[in-house]
Amino acid sequence: MMRDLKQRDPAIHSVVKNELARQQKGLELIASENYVSRAVMQTMGSVLTNKYSEGYPGKRYYGGNEHVDVSEQLAIDRAKKLFGAEHANVQPHAGSQANMEAYFSLLNLGDKILGMDLAHGGHLTHGSQVNFSGKFYKFVNYGVDKETMRLDMDEIRKIAIREKPRLILSGFSAYPRKLDFREFQEIAHEVGAYHMADMAHIAGPCAVGLHQNPVPFCDVVTTTTHKTLRGPRGALILSKIEDRLRPDDKKNLARKIDSAVFPGMQGGPLDHVIAAKAVAFGEALQPEFESYQSQVLKNAKVLADTLMNNGLKLVSDGTDNHLMLVDLTKTGHGGKKVEKALDEVFIFTNKNMIPFDERSPFNPSGIRLGTPALTTRGMKDDEMRKIGIWLSRVIQKPDDTYLKMKVKAEVLELCREFPIYEGLGE
Ligand SMILES: *Cc1c(COP(=O)(O)O)cnc(C)c1O
């Protein structure tokens, strides 16, 4: 498959080969990662990458779009069907772009947005000062309750009434519990704000009804396509057609979103990625995707229970979704050291802030773990129990060289039993 690359550019060829080997050899527990199907990968590596098609199906600024019109329309139709949405834009290059485009279509620069505190699980694009969001808009925050580590909807309502934001943002990167989008919607309606959900992390379970779908309760919903949705890297914006707060505008909300994406923020769409999104949405519409998502959640529960039974503390004492946050405070180790120790035994995770963290973002008090990738690989309850025990040992003794050597051997052995992408490196 990589013969041409090998001849043309041996340096990059070996990067791809080494990365394939790394993915095969190790346990992927980064909650935002997954393994796409070969069909999705083949579409991304196709001639569609050669095409320019600024505009939308049937309304392009270049000729020769009769075929990419078909793939983009299929992506749109399948996305709408998957989430029951009135409108879908499948062109955003990434989750961050999708959020920017959604803000541009709903807000004026400087408008006030109420979103989750970044240290409590929000995303960079939810108001970080080093991100466009924090520079272009005025963000005010809600966070989790210090006792329960869960959202307190009464408190959020109080903040919303006090702050009168133009937009209320729900949906997070590191919150292990379910959300009630209906409650966010009620608050938004009460204070005259838009409601936007960023379901990047939970789009998979939302698509199959294992998490409440935000689409009926939101003006706009954004999501990445490469996390639990298991598609190519990219994003998607779903919305209502009508602009609830500005019904008299010449453009409705659907048209505002489309023009915020193109020509507002982006030029030519990535036709090879959009077609791969169509393939992934098609896969997500199959019954197997529902059993996959339900195994992801089951695996997360088993992994969380195993960690807690082996002496670790989880933020909010468990999980309702695909991810969990280990609170390292009592272990005395920082996230940086623990992430590195786990890397050494081929268990891939990421360090993460926990709510009310007293350490810095570069060496926070948490490790985030998720089960979407291992579940794609075919792992189930038994494997989660094994992995949970390995994790708890290494997390508690990241300096124990003998322990790490033993765990690494067991990790490599388990990964050999669950091969991925066989024959792809040839
Ligand atoms: C991952 C994520 C994003 C951003 O996605 P990128 O594709 O990395 O830009 C946005 N919002 C949330 C909640 C996320 O988890």
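Start by selecting Cys-206: its sulfur lies 9.7 Å from the closest cysteine sulfur, that of Cys-218, which is too far for a bond. A disulfide here is a pair of cysteine sulfur atoms within 2.5 Å. Cys-218 is likewise in no disulfide, its nearest cysteine sulfur being that of Cys-206. A search of the whole structure finds zero disulfides.

Before going on, note that this is a predicted model, in which local features need pLDDT of at least 70 and side-chain atom pairs count only at pLDDT 80 or more, while totals for chains, interfaces and linings use all residues. Residues are numbered from 1 along each chain as its sequence is written, and side-chain values use heavy atoms, with hydrogens and water left out.

Stay with the two cysteines and show the surface. Cys-206 is buried because its relative accessibility is 2%, and Cys-218 is buried at 4%. The word buried stands for under 20% relative accessible area, exposed for over 50%, and partly exposed for what falls in between (1.4 Å probe, protein chains only).

**The largest pocket**

Next, select Glu-19, Gln-23, Val-36, Met-41 and Tyr-421, the lining residues that lie nearest the centre of the largest pocket. In total, 23 residues line this pocket. A pocket is found on a 1 Å grid over the protein atoms alone, as an open set of points where a 1.4 Å probe fits, with protein on both sides within 12 Å along at least five of seven lines; lining residues have an atom within 4 Å of a point. The volume of the largest pocket is about 700 Å³, counted as the space filled by probe spheres set on the points, which are joined across faces, edges and corners.

Which elements give two or more residues to the lining of the largest pocket? They are helix H2 (10–25) and helix H3 (38–44). H2 gives the most, with five residues. Helices (H or I, at least four residues) and strands (E, at least two) are DSSP runs numbered from the N terminus.

Colouring the lining of the largest pocket by residue type gives twelve nonpolar, six polar and five charged residues. Nonpolar covers Ala, Val, Leu, Ile, Met, Phe, Trp, Tyr, Cys and Pro; charged covers Asp, Glu, Lys and Arg; the others, Gly among them, are polar.

**Aromatic rings**

A pair of aromatic rings is described by the distance of the centres and the angle of the planes. Rings of Phe, Tyr and Trp (its six-membered ring) pair if their centres lie within 6.5 Å; planes under 30 degrees apart are stacked, over 60 edge-to-face, and the rest tilted. By this rule there are twelve aromatic pairs.

Select Tyr-61 and Phe-262. Their ring centres are 5.7 Å apart and their planes meet at 55 degrees, so this pair is tilted. The two residues are 201 residues apart, with Tyr-61 in the loop between strand E3 (59–60) and helix H4 (66–83) and Phe-262 in helix H10 (residues 253–265).

Now move to Tyr-103 and Tyr-137, an edge-to-face pair with 5.5 Å between centres and 70 degrees between planes. Tyr-103 is in helix H5 (residues 95–106) and Tyr-137 in the loop between helix H6 (132–136) and strand E6 (138–142), so the pair ties together parts 34 residues apart in sequence. Tyr-103 is buried at 0%, and Tyr-137 is buried at 4%.

**Charges over rings**

A charge sits over a ring if NZ of Lys or CZ of Arg is within 6 Å of the ring centre and within 35 degrees of the ring normal. Select Lys-146 with Phe-356: the charged end of Lys-146 is over the ring, 5.0 Å from its centre. Then select Arg-230, which lies over the face of Tyr-292 at 4.0 Å from the ring centre.

**Backbone stops**

Most residues other than glycine have a negative phi, and most peptide bonds are trans. Keep Arg-230 selected: its phi is positive, near 60 degrees. Arg-230 is in the loop between strand E9 (220–224) and strand E10 (235–239), and is buried at 18%. Asp-317 also has a positive phi, about 55 degrees, and is placed in the loop between strand E11 (313–314) and strand E12 (323–327).

Return to Phe-262, whose peptide bond to Pro-263 is cis, with omega near 5 degrees. Pro-263 is in helix H10.

Finish at Arg-393 in helix H15 (residues 381–396), which is partly exposed at 47%. Its C-alpha atom is 8.9 Å from that of Lys-404, eleven residues apart along the chain.
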